[in-house]
Amino acid sequence: MPSYTVTVATGSQWFAGTDDYIYLSLVGSAGCSEKHLLDKPFYNDFERGAVDSYDVTVDEELGDIQLIKIEKRKYWFRDDWYLKYITVKTPCGDYIEFPCYRWISGEGEIVLRDGQAKLACDDQIHILKQHRRKELETRQKQYRWMEWNPGFPLSIDAKCHKDLPRDIQFDSEKGVDFVLNYSKAMENLFINRFMHMFQSSWNDFADFEKIFVRISNTISERVMNHWQEDLMFGYQFLNGCNPVMIQRCLKLPDNLPVTTEMVECSLERQLTLEQEVEQGNIFIVDFKLLDGIDANKTDPCTLQFLAAPICLLYKNLANKIVPIAIQLNQVPGEENPIFLPSDAKYDWLLAKIWVRSSDFHVHQTITHLLRTHLVSEVFGIAMYRQLPAVHPIFKLLVAHVRFTIAINTKAREQLICEYGLFDKANATGGGGHVQMVQRAMQDLTYTSLCFPEAIKARGMDNMEDIPYYFYRDDGLLVWEAIKTFTAEVVGIYYESDQVVEEDQELQDFVKDVYMYGMRGKKASGFPKFIKTKEKLCEYLTMVIFTASAQHAAVNFGQLFLGTYPEEHFIEKPVKEAMARFRKNLDSIVSVIAERNKNKKLPYYYLSPDRIPNSVAI
């Protein structure tokens, strides 16, 4: 009688193993086997991290194995199991891989198909078409869109983390890691003392050092020692945590009545301010987004304030960017003066502090929360709703949305909700942060998420003219590496533009992002459909870059780009493309390391060995 060897790999996460009964059925082109209990006498099957093999003997030839069915039945108490993959060795010696990488909760059955990535047009067998359709029908019931706040990108329909589908929840290890990191962050910030300091009067600017009492690394120490200097202030707009605000000033704004006489002590080329603008030496950061946003009023004993500054900066003869004029609000007038470097020391310093405060609010709520976390959640939900696990684009993207929906759900539970951390420790808490996101959605466009176009749109693309913009330099290298990789993967599965256009699952994914993420706004520039391989490569590069590199540039990370621990792809050409991708990224690491070697303030946020795959890893 024909005999198959079935190998089962259990995940290595905490509590991934199971004591439940596991049954397996093989579904072939010539028939289906009976259920076989996978059990070895006097052996603890399916332990965490285990790889177990079983012989399955059938009565008759099954033909080509198309599906396998895994059924879990309770042995003692509720016991989740994380199944990595199953391989089947056929009687003729062929190996078939069935990737899973899913939790099987409670009692029930899952059906797996072999790991070869297939477009819908590649499936000609009815049972495979049916499996594909049922998977999406089930997912669309699990992954539902919800409006958390009017005007926001839609999010997952779940009130709290435990309401999420099991496969996208934090596993136990990640959950503990999240709690520990959250607690450590609070400890590092010394949050209670930090808040108390801001609710009482300060005696000296040296009190800033108390904030750093538990933060000790080269960069933070250098910033602490030099934060009052104009050079450091300008540098942070290029390579700090929010390097996306600065842009070349093409025309002095009407609501900033600054003159050459006011700033001539800062101009080094004996030119007028207007001439400096014409030569491209003037830059601007405008926080008009904050104009009229309500300051936090959740604590009646504490008055909090917001500014909406306009900051003018100058590229000096050393090609360094320094501030030359600051207006703290949008409407000029006697009560809204323009502050200058020639003003009294502390007047100028306080003006810069207000700008840095505004930069913090935009960074946290827009650059970080909206433009990486919330946007990546949209990609994740649309992916789960519209792309089956066998689809090559699902296999490509799944690592880049890992835990994204979970961490965003935690944020809605603990951080940005009413009475959350934003309300307790942020001047835009109490609703201001919600108003900011609603406004910023007007500027959330497709091209603004495409890194090269975003850099060019701000007039910051000339490397010789602006030589110390490492965020741009490193980001372009990483963008091109990702784009090269996605082009290889797309080329493997899509023979022509016509195949792209006729891939209905792909088009449904793109449409979901447009309709629910961008709320169907034509002005967003997000495509409703994709017609060419070239456009698909750009789109996928944007998705991956946003979730990985862009988030790394404005945050921190742990598991790195180019690392795919879950082997959803089994095809050799894709694995070879991944190897070339990693090699390309390694060369970028070397370039950045060499550049940083002799720098007192190195920039490494976009070094690929520090870029996480997703916003939550």
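**Surface, rings and charges**

Mentor: Tyr21, Leu37, Tyr75, Trp76 and Phe77 make up a nonpolar surface patch whose accessible area together is about 620 Å². Patches take residues with over 30% relative accessible area and no salt bridge, joining like charges within 9 Å and nonpolar side chains (Val, Leu, Ile, Met, Phe, Trp, Tyr) within 5 Å. Areas come from the Shrake-Rupley method with a 1.4 Å probe, and for residues only the protein chains shown count as cover.

Trainee: What should I keep in mind about the model and its numbering?

Mentor: This is a predicted model, in which local features need pLDDT of at least 70 and side-chain atom pairs count only at pLDDT 80 or more, while totals for chains, interfaces and linings use all residues. Residues are numbered from 1 along each chain as its sequence is written, and side-chain values use heavy atoms, leaving out hydrogens and water.

Trainee: Where is Leu37 placed?

Mentor: Leu37 belongs to strand β4 (residues 36-37). Helices (H or I, at least four residues) and strands (E, at least two) are DSSP runs, numbered from the N terminus.

Trainee: Is Leu37 buried or partly exposed?

Mentor: Leu37 is partly exposed, at a relative accessible area of 40%. Buried means under 20%, exposed over 50%, and partly exposed in between (1.4 Å probe, protein chains only).

Trainee: Turning to rings, how many aromatic pairs does the structure hold?

Mentor: There are 23 aromatic pairs. Rings of Phe, Tyr and Trp (its six-membered ring) pair if their centres lie within 6.5 Å; planes under 30 degrees apart are stacked, over 60 edge-to-face, and the rest tilted. Phe46 is buried at 1% relative accessibility, and Tyr54 is buried at 5%.

Trainee: Why is the pair of Tyr446 and Phe526 edge-to-face?

Mentor: The planes of Tyr446 and Phe526 stand at 80°, with the ring centres 5.5 Å apart, so the pair counts as edge-to-face. This pair links distant parts of the chain, 80 residues apart: Tyr446 is in helix α14 (residues 446-449), and Phe526 is in the loop between α18 (504-517) and α19 (533-553). Both Tyr446 and Phe526 are buried.

Trainee: Now the charges: how many salt bridges are there?

Mentor: A search of the whole structure gives 28 salt bridges. The criterion is a side-chain nitrogen of Lys or Arg within 4 Å of a carboxyl oxygen of Asp or Glu. Asp20 and Lys72 form one of them, at 2.9 Å, N to O. Asp20 is in the loop between β1 (3-10) and β2, and Lys72 is in strand β6 (residues 65-73), so the bridge ties together parts 52 residues apart in sequence. Asp20 is buried at 6% relative accessibility, and Lys72 is buried at 0%.

Trainee: Which helix holds both Glu137 and Arg133?

Mentor: Both lie in helix α1 (residues 126-142), 4 residues apart, or about one turn of the helix. An α-helix has 3.6 residues a turn, so residues three or four places apart point the same way. Glu137 is partly exposed at 42%, as is Arg133 at 43%.

Trainee: And how much of helix α11 is buried?

Mentor: Helix α11 (residues 404-414) is mostly covered, with 9 of its 11 residues buried. Among the buried residues are Asn408, Lys410 and Arg412.
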